Structure formats: C-alpha cells, structure tokens
Amino acid sequence: MNNFTTYLGSFLLATLMTSVTIPVSAQAIDQIADRLELAEVIAKYSSAADFSDPDAFAALFVEDGVFEFYIRDAKEPYERRVSREVIRAKQESWKESKRISGIKTGHHQSGLSFNELTADTARPQNMLLYT
C-alpha cells in the first residue's frame with residue numbers, strides 16, 4: 001500500500017465515523033420499525049420452514065391469517081391456506097413427508113419491497129428461491 005492509499009483510507013474512515021444529525025419524523029421512524037419487523041417475520045418464515053417447525057411457522061400468522069403462494073407470473077395462487085390452524089396442519093403434513101423422503105429444503109429470500117405499508121395494512125412482496 002502506498003502513502004496516498006493509506007491517507008485516503010484514513011480519510012474515508014474518519015468521514016464515516018463523523019456524526020451527522022438528520023431530522024427524521026416520528027412517522028418515518030415508525031415506518032422504518034415496521035419494515036424491520038416485517039423483514040424479521042420473513043426471515044423467521046424461512047427458518048421455521050427449513051427446520052420443519054409447524055408451530056413456529058403457524059405463529060407467524062394471526063388466527064384468521066391467509067397464506068397464499070404463487071408460481072411466477074400466475075394470476076391465481078398455487079395454494080391458499082386460510083386460518084392459523086390450517087396453516088399449521090399443512091406444515092405438519094409437509095414436515096412428515098420431508099422426514100419420510102429425506103428432503104432438505106432451503107428458502108432464500110431477497111428483493112423485499114412493500115406494495116403497501118400503513119398503520120393497519122402491510123403488503124410486502126419478496127422473491128423466494130426454494131432449493
């Protein structure tokens with residue numbers, strides 16, 4: 001490394017460490033918190049599915065929750081499950097079939113965006129690579 005590279009690295013590090021205050025509204029902070037909470041739910045979804053934990057999977061949904069998943073470009077859901085109980089039962093069935101067949105799964109999530117995010121409604125969209 002030459003002196004210029006060392007100097008530039010030190011300058012950039014010092015710049016990054018400098019405190020900058022940006023005014024942010026309480027509403028913006030709430031929306032950021034909501035986005036992080038939803039991202040955590042999506043991560044827990046992958047974990048519960050991959051580790052075959054029907055209780056943890058179902059706990060991600062409200063009692064009358066609806067779980068739909070679509071195949072790319074489909075207009076209608078490939079499968080639709082209504083209620084936490086039905087969602088849990090389907091995951092329990094899937095867990096047993098994975099155990100019998102020796103299937104191991106991986107849910108890889110990316111591209112999280114929010115089509116709608118209000119105080120009462122969240123409609124996230126996410127890409128899933130299922131292996």
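In what follows, Ala, Val, Leu, Ile, Met, Phe, Trp, Tyr, Cys and Pro count as nonpolar, Asp, Glu, Lys and Arg as charged, and the others, Gly among them, as polar. The structure is a predicted model, in which local features need pLDDT of at least 70 and side-chain atom pairs count only at pLDDT 80 or more, whereas totals for chains, interfaces and linings use all residues. Residues are numbered from 1 along each chain as its sequence is written, and side-chain values use heavy atoms, with hydrogens and water left out.

The chain holds 4 helices and 4 strands, where helices (H or I, at least four residues) and strands (E, at least two) are DSSP runs numbered from the N terminus. Read from the N terminus on, these elements follow the order α-α-α-β-β-α-β-β. Of the 131 residues in the chain, 17% are buried, a term that stands for under 20% relative accessible area, with exposed meaning over 50% and partly exposed in between (1.4 Å probe, protein chains only). Among contacts (heavy atoms within 4.5 Å) between residues at least 6 apart in sequence, 38% join residues at least 24 apart.

The buried residues of α2 are I42, Y45, S46, A48 and A49, and they pack against α3 (54–58), β1 (66–69), α4 (84–101), β3 (107–117) and β4 (122–130).

Within this helix, Y45 counts as buried because its relative accessibility is 17%. Leaving aside neighbours within four places in sequence, Y45 is in contact with F57, L60, F67, H107, Q109 and L128. Y45 and A58, 13 residues apart in sequence, are 9.1 Å apart in space, C-alpha to C-alpha.

S52, in the loop between α2 and α3, has a positive phi of about 50° although it is not a glycine. D73, in the loop between β1 and β2, likewise is not a glycine and has a positive phi of about 70°; D73 is exposed, with a relative accessible area of 72%.

In strand β2 (residues 79–82) lies E79, whose side chain is joined to that of R81 by a polar contact of 3.0 Å. Such a contact is a pair of N or O atoms within 3.5 Å; within protein, one must be able to donate a hydrogen and the other to accept it, and residues adjacent in sequence count only if both atoms are side-chain atoms. Beyond its neighbours within four places in sequence, E79 is in contact with F67, E68, F69 and K90.

The largest pocket brings several of these elements together. On a 1 Å grid over the protein atoms alone, a pocket is an open set of points where a 1.4 Å probe fits, with protein on both sides within 12 Å along at least five of seven lines, and lining residues have an atom within 4 Å of a point. About 2,100 Å³ of space lies in the largest pocket, the volume being the space filled by probe spheres set on the points, which are joined across faces, edges and corners. Its lining has 41 residues, of which Y45, F67, E68, F69 and Y70 lie nearest the centre, and it divides into 22 nonpolar, 10 polar and 9 charged residues. At least two lining residues come from each of α2, β1, β2, α4, β3 and β4, and β4 supplies the largest share, 8 residues.
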